[in-house]
Amino acid sequence: MDDLIRIDDLSLSYDGDTIIVHQLNLRINRGTITALVGSNGCGKSTLLRGLSRLLKPVAGSVHLDGRDIHAMKAKDLAKQLGILPQSPSAPEGLTVHELVAQGRYPHQNWFQQWSREDERIVHEALVTTNLTMFADRPVDTLSGGQRQRAWIAMALAQQTDVLLLDEPTTYLDLAYQMDVLDLLDDLNAEGRTIVMVLHDLNQAARYADDIVALRGGQIVAHGTPEQVMTPENILQVFGLKAEVITDPVTGTPMCVPIGRRGQRRRERQVSLSANGKVRESVKIP
């Protein structure tokens, strides 16, 4: 597989003094789903902002399909890369159709205004995200899951090969989380490269081809879910003891946190002795 996004010695900061991402090197393959995971404040969202040119590097570079993103014109970049920030908000009263139509902005110019082709692409985005019945509804009247799909539809209308999403399942109930992730999985099957920040390790393991685990602005582990989701990596990245078992549905790794309560229950486990009496089990480390 070829590298679509190449990150070399990337350092990122918001104030120029405090470095959030430290000399990071990463390759993201074309046509894959990559999940960025790690504890709060580890640099996941900062890295995503660096990939989208929302944050200028202190050092290093990001190349998209061989081109330095900071040497590209804004509209050219927007035709190749779409971003969905964390908890985006739309102006009051803006309809779903109007929001999705914003995705066509990079393709407009003084000589080419709104066309039948633009309308067709917006309609396709609404169909893909199952939002045609809500096209005339104000975005702020939708449920959380519907609203998230509307923003994804806007990114689809851009017709980019790459989608960057910052915690696309945040604040959604479980059913809507699965709905959004299944939609992203479908889009990836159509050829799009997806990079997303996720808090749920099990969702990352189920949907991602590659997982990048961050701590303190640096990569601790990078690879397939099977390579990254180990008790040792989880302890190093999150400071959390956990067991890793096999997801009974997908066969992917599944993290089972132990926690203090789990450890206490583990230590109080009882087992039946050969004579049928109950005895306290041996303390398990």
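**Reading pockets and cavities**

Me: Which element supplies the largest share of the lining of the largest pocket?

Reply: The largest share comes from α2, with four residues. Helices (H or I, at least four residues) and strands (E, at least two) are DSSP runs, numbered from the N terminus. The model is predicted: local features need pLDDT of at least 70, side-chain atom pairs count only at pLDDT 80 or more, and totals for chains, interfaces and linings use all residues. Residues are numbered from 1 along each chain as its sequence is written, and side-chain values use heavy atoms, without hydrogens and water.

Me: How is empty space found, and what separates a pocket from a cavity?

Reply: Rolling a probe the size of a water molecule over the atoms shows where empty space is left. On a 1 Å grid over the protein atoms alone, a cavity is a set of points where a 1.4 Å probe fits but cannot get out; a pocket is an open set with protein on both sides within 12 Å along at least five of seven lines, and lining residues have an atom within 4 Å of a point. Points are joined across faces, edges and corners, and volume is the space filled by probe spheres set on them. Here, the largest pocket has a volume of about 370 Å³. Of its 17 lining residues, A78, L81, G82, I83 and Q158 are the closest to its centre.

Me: Which classes of residue line the largest pocket?

Reply: Ala, Val, Leu, Ile, Met, Phe, Trp, Tyr, Cys and Pro count as nonpolar, Asp, Glu, Lys and Arg as charged, and the others, Gly among them, as polar. The lining of the largest pocket has ten nonpolar, five polar and two charged residues.

Me: Is L172 buried or exposed?

Reply: Buried means under 20% relative accessible area, exposed over 50%, and partly exposed in between (1.4 Å probe, protein chains only). L172 counts as buried because its relative accessibility is 10%. L172 lies in the loop between β7 (162-166) and α6 (174-189), and is among the residues lining the second largest pocket. Beyond neighbours within four places in sequence, L172 is in contact (heavy atoms within 4.5 Å) with G144, G145, Q148, Q177 and V180.

Me: How many cavities of 30 Å³ or more does the whole structure hold?

Reply: The search finds two. The largest cavity has a volume of about 60 Å³, and α9 gives the most to its lining, with four residues. That lining has nine nonpolar, one polar and no charged residues. The second largest cavity, of about 40 Å³, has a lining of three nonpolar, one polar and three charged residues.
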